[in-house]
Amino acid sequence: MTSRISLHPVRSELRTMPSFTFLKTPSRQSEQSEQIEREDSGVSPENDTKETKDVVQKRPSKRKFFRGLFKRSSLPSETRAERRGIDQFSTSPSLSLPSPKSPPTSPMNKPLPPPPPPGSEPEPTASVGKNPIKLDRIISPLSQADLYKIFSGAPQFFARAEGHHTGAPHPSVAFPWDSELHIRDLCDHVQIQDEAWGCVTAWPHITVQVSKNPEAKKEQCERQRAHFLPRCRERPNMLSMQGTERGTVGYQAALEIAVADALEIPDGGSPDEISEHRKKFLNGKDGLRPITDATLIDQLMAVSEVYQEDPLKHRRPTLQMYTELFTQILFPPSRVIDSNDPYSLQVQVESLVQVLATPLIWVDFSLVEWRIKLGHILWGSSSDVLPEDEITVNNEVVHEPGTQKYWLLLQILLSCELLVRLDMISRNIDHGLEAVKPAEIRRFEQHATANVKWSMLLARTWLESIRIEKINSEDETAEKKPAGWLATLTGTGGAATTISQGLNKVQFHGRHQAQQLAGLVHFAQKLGWPDLDNLKAKVTANTISISDSVASTPAGTPMTMATGRSSSYFAYRRPKIKRGLSSHKSVQAIIHPAGWLSNSYISGLILPGEGLSHFLISTLLENDDAAVARLGEEANLYGGFIYGEKSFWSTACIIGRVLAAGKGASECMGWISSNILPRGPGEEWVNIDVEPAPRDDSTKKSSKPRLWHKSVIEHAGSVVGGADMSSILPGDFVLPSDTSFQPSLSITFESLDLFSTAESVHSDSPDDEPSPLTDVSDEGKIQTYSAMMRFTSVAEGEEKREVNVSLTHDVYFVTAHPCIPSPHAEILKTPTSPTSVSSNSPKFLGHPLHKAYTYTKLPLLTLLSFPATTPFSTFLSPPSPPSPSSPPVLVIDCTDSSMLHFPMVAGLGGSETSSVRSGGSGEIARGEKPSRGKRGTDLEMLARAVCAERGWNALISRRGRGCLGCAVREAGALGWRVVVRLA
């Protein structure tokens, strides 16, 4: 009776007022304990039937009350019991046992109930159906392994800094999720085809000739094993300046054009300032010793001999090298650099770097002008007067011919001495004889300026390519003349000849002249030079060689009649620098037999950058008398010329980039030949008037070029659209369709018309900035033209119409990076995915595109129906959702259902083989060699001409080489808005 009385107050309290206490777990446990007490006291449920029925009848109404109050959905009693763990209101005897999931709480003096008998626990109910499993699969994010499979064979675009004091970041394309060699070797540019052209870049590379010869490849690797390579390279990367598609560049060059070396503004002083600094430099007692011209030549010959004859990379005692350096070339250091070893190589390296880093003393080869002018200083006429040779002595201007050559050779000597010591340190580290010292590396990178690093590149080229030979004079007795200004400064004026006399007694020969001439013939063959047989005959007869001395050219030759100033041989006109892609300048040269341009190429003394393309075409012309007679002696090396039923264009000219897409066009080392002859001019050089491409809205907000924004580039070209990789869903991707809805189309090229502009004679503008090669006294005689192309278009169901396109903007084209389709795109095809396709749909070949990217596909015919002045935004569909980091892209569809695509190139551009990936095996099927000459069409020329007219930089994407999704991502990384899709 005690337990029954203790239960009534609780029940009466529940009847009188609504309370939430019965929802609490302790209340449920207390009622369970009271039920157990009743069982222990002998009170059966039958004796309490009446009272229990009253409670059971009244409690459901309270539950209904609370359910209505909270608007809770009614749940089955079994489900509610499972969720609570017990059923408080059931009178079943089986519930008198404690629940195994929630053990009851018993009073302190009561014993615990016995455990349930074995086998009495209910079996867990099995899940009904498989729908929950499918639902979980749809909403779960893609795993990292799935992403790796989906984007296998997809290029990823990066821009990473190489370290401190290295300039702008380095753009690159990689396949980080693939290990197969045929995928990692995919490239968007061609290889260097000839060993003679390897000097065009400072980047490590292997030419096609070496790659085909295992012995040559092994020899090259062995020669460069202990090899110091300064972190100094040309911009843009010349390896990427010739894309797989003719007239295009690669991804890396496209980003680096905006930070090109040609945009560097020289910070050098005037000739008077240079003269004053050189005087102070020679009069000092800390640094460079006074060196006569004879000593200079002897030291150059000695260091070249050691470099060529020592196969172990200059293994000489450190003390011997210290003694030679600080007794013949430099003064000993005035402070202790290395207290442990005062004669160490590090002491010598730091002293040489300190001298070479002195400002306003040396030639700055970080400037493109001086890299080209290098050969003129060595082989130019000594009667010419360089601006830097104007030395002020006693308030009078004194011209010392040959002074610039002396300082250049002295700079080369110091750079060679520095390079051989760095090579020796590299060899010691490679053989474990010396440990890497990070502090010394940081100190070197901090003090070695860009000019010092370029001087080391020059030293490597000099040691590899140049051989010095002294001329034996019949009169061994030197003619005594009044001492020059340098001899006056050094105090040796009474017993020395003039510098110009001493330096003119030596000849500089190339060590690989046969190789250079073979490269010249190869260049002429690629371009289809009209008089190729005559050139081959000259090379075979060995009649092309470096002239002994241009200074000895008799009066009346084309060289001496053309001009009286040295800078006129290579008149370099720099317009006002414009930030952006339109960064090239107008280069004019005087072509004459045995000129310094030919000597620069034949000797192989060529620094990385654009100079090689100028030297190649100049050497070709200088050794073709008929071409010089028809074209004249003055050349515009950034324009083009018409000769021998063909036209030849620099890749810096917009006409060359457009005509390169036509049939029969050929491209080689910065020059393009075409069978198309422009109407208007005859056989002559021409200059084309164009405007720079307008900047996109996304790039106008920043004053820095896009390459400096590393995170923006990688975010805008990411395979996941810059999203978190851990939360990517299958529905976030779409499979871009390559189906063409354009009717059958036929485009025919009619003509290229050149119109003489109002200011047809190319001359310097008043705003042009001076450069070391500027000649302000002579005006060019090359005509300037504006260009227009005419096409006829015939579409199915439409009448024939004429299309006129003006080439008004200087735009660039980029080869879309090739990819290999992934066989795992089926992972994304779920029932709720928007890309779900039926079983009879064709297999998707390509890579998916994240929803962050938006693009509008527009047929070329539709685009031609809009005026050229139509705003770009008119062609775009509204992005949904808007993504400011990835602006919408316009895809110009130049295909129709009747066009067949070319096989995918599975290697470097222009490689020997082609391939496509079969089904899902990932194997490569070898095919025929793709012919780049037969691939051009008038349709492709029209698409490029339209982009040039409207000022659109564009990616050239070809079906079979790369998918549309990867092209859109690359456009996002570049910040470009147009993709030209070709068959």
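## A covered helix

Helix α25 is mostly covered, since 12 of its 12 residues are buried, where buried means under 20% relative accessible area, exposed means over 50%, and partly exposed lies in between (1.4 Å probe, protein chains only). The model described here is predicted, so local features need pLDDT of at least 70 and side-chain atom pairs count only at pLDDT 80 or more, while totals for chains, interfaces and linings use all residues. Residues are numbered from 1 along each chain as its sequence is written, and side-chain values use heavy atoms, with hydrogens and water left out.

Helices (H or I, at least four residues) and strands (E, at least two) are DSSP runs that are numbered from the N terminus. Among the buried residues of α25 are G611, H614, F615, T619 and E622. The expected span of a helix is 1.5 Å times one less than its number of residues; for the 12 residues of α25 (residues 611-622) this gives 16 Å, and the end C-alpha atoms are 16 Å apart, which agrees.

Two strands pair if DSSP finds at least two bridges between them. Strand β24 (residues 889-893) runs parallel to β28 and is joined to it by four bridges, with I892 standing opposite V980. Strand β27 (residues 954-958) pairs with β28 over five bridges, again in the parallel sense, and here I956 is the bridge partner of V980. Together β27, helix α32 (residues 964-974) and β28 make a right-handed β-α-β unit, which is called right-handed if, with the strands pointing away from the viewer, the path from the first strand over the helix to the second runs clockwise.

## Aromatic rings

How many aromatic pairs does a search of the whole structure find? The search finds 21, where rings of Phe, Tyr and Trp (its six-membered ring) pair if their centres lie within 6.5 Å, and planes under 30 degrees apart count as stacked, over 60 as edge-to-face and the rest as tilted. In one of these pairs, the ring centres of Y322 and F326 are 4.6 Å apart and the planes stand at 50°, so the pair is tilted. Both residues lie in helix α13 (residues 318-328), four residues apart, which is about one turn of the helix. An α-helix has 3.6 residues a turn, so residues three or four places apart point the same way. Y322 is buried because its relative accessible area is 14%, and F326 is buried because its relative accessible area is 2%.

F872 and W952 form an edge-to-face pair, with 5.3 Å from centre to centre and 80° between the planes. This pair links distant parts of the chain, 80 residues apart, as F872 lies in the loop between α30 (860-864) and β24, and W952 lies in the loop between α31 (938-950) and β27. Both F872 and W952 are buried. Elsewhere, ring pairs link W529, F641, Y643, F648, W671 and W685 into a cluster.

## Charges over rings

A charge sits over a ring if NZ of Lys or CZ of Arg is within 6 Å of the ring centre and within 35 degrees of the ring normal. R233 lies over the face of W203, at 4.3 Å from the ring centre, and R944 lies over the face of F813, at 5.4 Å from the ring centre.

## Cysteines

A disulfide is a pair of cysteine sulfur atoms within 2.5 Å, and by this rule the count comes to zero disulfides. C894, for example, is in no disulfide, as the nearest cysteine sulfur, that of C947, is 8.1 Å away. C894 counts as buried because its relative accessibility is 1%.

## Backbone details in loops

The peptide bond from R235 to P236 is cis, with omega near 0°, and P236 lies in the loop between α9 (214-223) and α10 (251-256).

L360, in the loop between α14 (345-356) and α15 (368-379), has a positive phi of about 60° although it is not a glycine, and L360 counts as partly exposed because its relative accessibility is 26%. E645, in the loop between β10 (640-643) and β11 (646-650), has a positive phi near 60°, and E645 counts as exposed because its relative accessibility is 61%.
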